[in-house]
Amino acid sequence: MPKAPATTAQPSEPASYEAALEELEQLVARIESGQLPLEQMLAGYQRGAQLLNFCRARLEAVQEQIKVLDEGALQPWTQD
């Protein structure tokens with residue numbers, strides 16, 4: 001009997017920066033343990049890259065918000 005094709009479900013996006021960082025730390029620990037089969041290690045590496053990109057994007061967004069605040073671009077609203 002032929003095998004059913006493997007489904008490649010896309011992992012969900014983390015709920016927050018903190019959740020992504022926690023998942024990434026756990027993933028790194030599992031990869032560094034050297035106990036994962038090669039295919040799982042590759043999948044873990046790919047997921048880690050996704051999590052890292054997510055964290056970087058969140059950090060960049062926050063840095064931009066801070067930059068705007070530091071430059072005083074946001075002024076209090078006053079009614080004339």
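A residue is called buried under 20% relative accessible area, exposed over 50% and partly exposed in between (1.4 Å probe, protein chains only). The model is predicted, so that local features need pLDDT of at least 70 and side-chain atom pairs count only at pLDDT 80 or more, while totals for chains, interfaces and linings use all residues. Residues are numbered from 1 along each chain as its sequence is written, and side-chain values use heavy atoms, with hydrogens and water left out.

**Exercise 1.** Find which side chains meet in a salt bridge (a side-chain nitrogen of Lys or Arg within 4 Å of a carboxyl oxygen of Asp or Glu), and say how each residue is placed.

*Solution.* The count comes to 1 salt bridge, in which the side chains of E23 and R47 meet at 2.9 Å, N to O. E23 belongs to helix 1 (residues 17-32) and R47 to helix 2 (residues 38-70), so the pair ties together parts that are 24 residues apart in sequence; helices here are DSSP runs of H or I with at least four residues, numbered from the N terminus. E23, at 31% relative accessibility, is partly exposed, whereas R47, at 13%, is buried.

**Exercise 2.** Describe how helix 1 packs with helix 2.

*Solution.* The angle is about 150° and the axes lie 9 Å apart, where axes are lines fitted to C-alpha atoms over the stretch in contact and angles run from 0 to 180 degrees between N-to-C directions. This makes helix 1 roughly antiparallel to helix 2, a term for angles over 145 degrees.

Conventions: Helix = DSSP H or I, 4+ residues; strand = E, 2+ residues; numbered from the N terminus. Parallel < 35°, antiparallel > 145°, perpendicular 65-115°, else oblique.
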